[in-house]
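Reader: Hi! Could you walk me through this model? I have some quick questions.

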Amino acid sequence: MNTINPETRFRDLADRERIAHDRHVNTVARLVAIEKKGRALSTAEQAEKELSEKILDEIAKSQRNNSKMDEVCDPLFVGARTLLNTQSLINPELRTEVDGGKLLFDSDENQPFSIVALTMGVLALDGATPPPVTLVSQNTNKTGMTIAAGGKGNGLTIYPNVSHPLMDSFTRQFFAAVGEARSYGELADRVLMLLAREGDPDGRGGDAPGISTAEYASVLRGLAQRKVTINEPQLRRRVNEVLDQVQNIGGEDSIADLGIDLPDLEDLADQTIVAENVRVMGPMIVSAMFEELKVFQVVDRIVEQFQHGMLPIGPGNAGKMLYRYWREAPNRMSEQERKNFAAITLGIPGGDPGGMVNREFNDLWIRFVSSVSSFIRQSEVDQLLRSATPSPISHQQVRKAARDLAGNLSLHGYGMAHYAAREIQSQVKFMIGLLQDPEILGSYGAKDMWQVVDQVATYELGGAKTSSRYRTLATCGTIITAWLANNVVRVNAATGPIIDIDQVRNPDVAATHRSTIDPTDYDLVNACELWLADTATTDSQIEELSQPREAPQMTSKPIQIPAMARDMLDGIGDLGVGLGRGTPAHPAYANGHGYRPN
């Protein structure tokens with residue numbers, strides 16, 4: 001008897017479908033933009049454009065019909081579904097996935113959720129590369145009609161490109177995944193039910209629990225390694241133990257779980273940069289810009305005025321937020337503690353003299369930003385004067401600057417700084433919500449939070465700074481660090497392009513795109529150019545800074561320094577130039593980032 005909730009959603013299936021759909025949207029937009037510029041599309045480009053347009057049209061058509069059999073275009077799902085159905089590996093057959101990852105089958109009875117989800121999860125976990133999708137006629141043959149998502153007839157359906165070279169290797173990976181999925185037997189069903197309970201939004205048997213197929217496969221592999229069987233009396237506890245390890249709950253270092261293939265040195269190089277350590281630098285940059293604008297001090301002053309009854313705010317939402325902020329002060333990071341972490345991560349002066357300081361950050365940052373800018377400018381000149389393909393050496397110069405910066409950020413993102421950045425991010429979000437409250441705005445006669453900050457800083461804290469400038473720098477810093485974190489594999493690769501020029505010239509237009517979370521190459525270039533513009537870095541400085549230099553001495557992770565050596569380094573003093581100081585190497589750049597303080 002099937003006791004798995006049929007409303008269960010598989011989150012990563014929905015995420016991959018959204019990404020695949022956006023890829024077709026962006027392909028059409030990019031090629032249309034090329035046509036509008038007067039360049040005729042090649043035969044391959046024209047075929048690519050027509051295919052993406054037809055796929056998007058079929059998806060939209062199936063959604064308009066409200067058939068509950070929506071077409072999908074994720075190559076992994078489409079390829080696995082086709083093989084599951086055509087090889088008669090499941091009964092009833094799999095039709096599609098809708099509404100955020102809900103699986104739909106031919107029948108409502110004995111639906112093989114576990115075998116389908118586990119096969120998809122193993123394929124995703126092992127990095128299976130499916131063939132691209134194409135369109136076939138629904139009445140071509142029995143296979144075409146079997147997988148039709150929008151009903152039977154003479155229309156088109158999305159199908160894997162079986163003539164593509166990747167089809168053979170994907171088929172081998174698929175059958176290996178099915179074999180592993182079947183080997184778990186009844187344990188797979190029990191674990192899926194337990195994970196659905198853990199993913200239940202309300203914890204009381206909600207209608208739409210959420211699960212990741214990749215996590216599902218990882219949990220079963222972890223249980224197999226621990227030799228846990230269906231007869232385990234504390235199965236739920238064992239599942240949660242493995243799930244905590246998979247999700248890295250409790251701060252366990254996920255690097256310890258990664259294997260090393262010694263002959264392939266590229267795998268070793270990948271571990272030099274920890275993506276999450278790089279990503280947490282985004283909140284630290286935002287915090288540094290908020291410190292420059294005195295936002296933390298402004299909020300403290302508003303709370304102080306509210307405490308003394310000097311703020312005309314009643315018992316509404318603003319009052320509750322101010323009171324909460326005041327009550328939580330002992331548990332919140334102090335100004336000095338923020339300065340300590342700013343020194344550790346960004347090299348900003350003001351931290352503990354005996355602590356670790358990121359002295360190389362400023363130089364590596366501006367060098368990377370300048371390298372990206374110079375590379376794009378050179379590629380535009382090459383297109384006009386010589387050829388549309390930039391010199392390969394330019395790619396490698398940008399790659400080196402990116403690798404040096406990402407390695408530095410990864411090194412200084414270890415330890416407590418990793419968690420401090422998340423706490424600071426939470427505090428920044430709370431302050432933004434507080435300063436945007438209508439009661440706060442009304443009390444200061446302001447139209448937005450920045451007018452509140454300017455007013456309090458001017459009258460209470462000795463002067464305000466240009467908020468638009470630091471807001472731009474904060475956003476650009478977040479985009480740049482997110483791009484580095486998302487593209488660690490590309491940065492570490494020895495060959496291949498580092499920036500997609502086609503994407504820069506024809507940026508994505510998908511409405512779901514968020515540049516601060518999943519930035520494209522265009523977002524990176526735009527952020528670098530904005531940074532240089534807002535910091536008043538001249539073209540001659542950009543050209544000079546973009547030239548390659550020997551990377552500073554850096555380890556792949558923090559190394560304990562002997563006490564004697566540490567005392568000698570402490571005696572030298574703080575050499576970090578920070579975000580608000582001049583740098584001896586480039587005094588004209590004022591602070592190492594190329595902009596001068598007000």
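Reader: Which residues does Asp 500 touch, not counting residues up to four places away in sequence?

Author: Asp 500 touches Arg 490 and Asp 521, where contact means heavy atoms within 4.5 Å. Before we go on: this is a predicted model, in which local features need pLDDT of at least 70 and side-chain atom pairs count only at pLDDT 80 or more, while totals for chains, interfaces and linings use all residues. Residues are numbered from 1 along each chain as its sequence is written, and side-chain values use heavy atoms, with hydrogens and water left out.

Reader: Thanks! Where is Asp 500 found?

Author: Asp 500 is in the loop between helix H22 (488-492) and helix H23 (501-505). Helices (H or I, at least four residues) and strands (E, at least two) are DSSP runs, numbered from the N terminus. Asp 500 is partly exposed, at 38% relative accessibility. Here buried means under 20% relative accessible area, exposed over 50%, and partly exposed in between (1.4 Å probe, protein chains only).

Reader: And Asp 521, is that buried or exposed?

Author: Asp 521 is buried, with a relative accessible area of 2%. Asp 521 belongs to helix H24 (residues 521-534).

Reader: What does the side chain of Asp 521 make a polar contact with?

Author: With the side chain of Arg 490, at 2.9 Å. A polar contact is a pair of N or O atoms within 3.5 Å; within protein, one must be able to donate a hydrogen and the other to accept it, and residues adjacent in sequence count only if both atoms are side-chain atoms. Leaving aside neighbours within four places in sequence, the contacts of Asp 521 include Trp 483, Ile 498 and Gln 503.

Reader: Let's switch to rings. How many aromatic pairs does a search of the whole structure find?

Author: The search finds 8 aromatic pairs. One of them is Phe 174 with Phe 175, an edge-to-face pair at 5.2 Å centre to centre and 75 degrees between the planes. Rings of Phe, Tyr and Trp (its six-membered ring) pair if their centres lie within 6.5 Å; planes under 30 degrees apart count as stacked, over 60 as edge-to-face and the rest as tilted.

Reader: Are those two buried or partly exposed?

Author: Phe 174 is buried, with a relative accessible area of 0%, whereas Phe 175 is partly exposed at 37%.

Reader: Why is the pair of Tyr 323 and Trp 326 called tilted?

Author: Because the planes are at 40 degrees, with the ring centres 5.7 Å apart. Tyr 323 and Trp 326 are 3 residues apart in helix H14 (residues 317-327), which separates them by about one helical turn. Tyr 323 is partly exposed at 42%, and Trp 326 is partly exposed at 37%.

Reader: Nice. Which ring does Arg 338 sit over?

Author: The charged end of Arg 338 is over the ring of Phe 296, 3.9 Å from the centre. Arg 332 lies over the face of Tyr 325, at 3.5 Å from the ring centre. A charge sits over a ring if NZ of Lys or CZ of Arg is within 6 Å of the ring centre and within 35 degrees of the ring normal.

Reader: What about helix H13, which of its residues are buried?

Author: The buried residues in H13 include Phe 296, Val 299 and Ile 302. Among the elements covering the buried residues of H13 are H14, helix H15 (335-346) and helix H18 (417-435).

Reader: What follows H13?

Author: Gly 309, with a positive phi near 75 degrees. Lys 294, in the loop between H12 and H13, also has a positive phi, near 65 degrees. Lys 294 is buried, with a relative accessible area of 17%.

Reader: Last topic, strands! How do S2 and S3 run?

Author: Strand S2 (residues 94-98) and S3 run antiparallel, joined by 4 bridges; two strands pair if DSSP finds at least two bridges between them. Leu 94 stands opposite Phe 105 in S3. The hairpin has 3 residues between the strands, and Asp 99 takes a positive phi near 50 degrees there.

Reader: And which way do the residues of S3 point?

Author: Lys 102 and Leu 104 point one way and Leu 103 and Phe 105 the other way, and all are buried.
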